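Please open the model in your viewer and keep the sequence panel beside it. The tour below goes from one selection to the next and says what is to be found at each stop.

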Amino acid sequence: MKLHTHLLAAALAAAVLPAATACASSRPLIVAHRAGTADYPENTLLAIRGALANRAQALWLSVQLSADGVPVLYRPQDLATLTDARGPVSQYTAAQLAGFNAGYLFPNPDPAAPNPYPYRDRPQPLPSLDSALQLIAGRVPVMLDLKTAPDQRLVDAVAAVLERRQAWNNVQFYSTESGFDPMLARHPKARRFETRDATRGRLLQVALEQRCEPPAAPVWTAFELRRRLEVEETFTLGVGATTIPAATLWTPQSVACFRERSAAVGILVIGVNSSDDYRRAAMLGADAVLVDSPAAARRWSLPARRP
């Protein structure tokens with residue numbers, strides 16, 4: 001049987017976020033997805049300021065490499081998805097990217113407003129990673145999502161920024177591409193999530209085989225609360241396929257499995273964007289949740305997290 005997963009939404013070592021101590025009475029930490037993609041133009045300094053003002057407890061930022069080797073914050077493959085420019089980030093220098101408006105297509109939350117795109121009059125440049133870290137100034141942990149195919153140049157360029165800013169202990173790396181893992185391993189200070197392939201495999205083993213293979217050492221893991229899952233079964237005469245629109249792989253059983261060897265295995269649940277989902281993540285024992293709107297998350301009510 002072959003298993004293929006497809007994204008429904010966009011997808012922390014213990015030294016960066018606290019060790020895994022969540023329980024049903026504790027509050028998972030709020031991590032601002034792309035610095036709060038629902039509140040402000042994503043991955044901009046404006047969004048970072050907004051997330052901090054809305055009391056986000058960590059920031060998830062997307063990183064790519066400019067043509068002149070500067071790590072910059074941007075997520076999609078094409079600049080046309082969010083900005084007033086076209087083409088990949090890698091075709092432009094950091095100075096050119098700073099001249100593009102990352103808020104060009106950000107919609108006004110009020111559909112009746114006379115200005116449907118409020119940031120066309122208030123351009124938001126694509127910032128460098130260096131400028132973002134300078135603004136954050138170590139106030140909250142940072143998760144860097146590497147948004148390209150595995151590229152040692154990107155890893156080395158980010159490492160140079162972290163070294164210059166002395167920010168290694170405040171930063172954690174994540175990528176959907178497992179090929180980044182050996183590249184990051186060349187930098188002993190780099191703190192990495194467990195590879196997504198390993199996390200997915202453990203979750204599927206618990207769900208489909210009732211078998212548990214927990215992480216061997218304390219590490220942070222991340223996966224969606226719900227995810228589209230396609231199951232293909234190969235027969236002699238063909239293939240049968242079943243689609244599960246919103247498979248839920250984080251369960252009490254899978255959480256217990258991940259922590260079977262170490263209570264310090266951290267769990268970040270991706271795609272938590274309602275009070276009900278936040279409470280569900282808390283009841284499961286998640287340590288952190290990835291949210292699109294820190295402004296909305298401020299209104300989610302649970303007892304304070306234990307030290």
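How many disulfides does the structure hold? It holds one, where a disulfide is a pair of cysteine sulfur atoms within 2.5 Å. Before selecting it, please note that this is a predicted model, in which local features need pLDDT of at least 70 and side-chain atom pairs count only at pLDDT 80 or more, whereas totals for chains, interfaces and linings use all residues. Residues are numbered from 1 along each chain as its sequence is written, and side-chain values use heavy atoms, with hydrogens and water left out.

**First selection: the disulfide**

Select Cys212 and Cys257, whose sulfur atoms lie 2.2 Å apart. Cys212 is in the loop between helix 6 (196-209) and strand 7 (220-224), while Cys257 belongs to helix 7 (residues 252-258), so the pair ties together parts that are 45 residues apart in sequence. Helices (H or I, at least four residues) and strands (E, at least two) are DSSP runs, numbered from the N terminus. The torsion about the S-S bond is about 100°, so the disulfide is right-handed. Cys257 is buried, with a relative accessible area of 3%, whereas Cys212, at 30%, counts as partly exposed; buried means under 20% relative accessible area, exposed over 50%, and partly exposed in between (1.4 Å probe, protein chains only).

Gln210 follows helix 6 and has a positive phi, near 50°.

Just after helix 4, Gln166 takes a positive phi of about 55°.

Now colour the largest nonpolar core, which has 35 residues, those with the most contacts inside it being Ile48, Leu61, Leu144 and Phe173. A nonpolar core is a set of buried Ala, Val, Leu, Ile, Met, Phe, Trp, Tyr and Cys residues joined through side-chain atoms within 4.5 Å. Helix 4 gives the largest share of this core, seven residues.

**Last selection: the whole chain, coloured by confidence**

The protein chain has nine helices and eleven strands, and of its 307 residues 51% count as buried. Its mean pLDDT (the predictor's confidence in each residue, from 0 to 100) is 91, and 90% of the residues reach 70 or more. Over residues 1-15, however, pLDDT stays under 50, although the model has 53 contacts beyond four places in sequence for them. Residues 18-25 are likewise below 50, with 27 contacts beyond near neighbours in sequence. Where pLDDT is low, the predicted coordinates should not be read in detail.

Key
Contact = heavy atoms within 4.5 Å.
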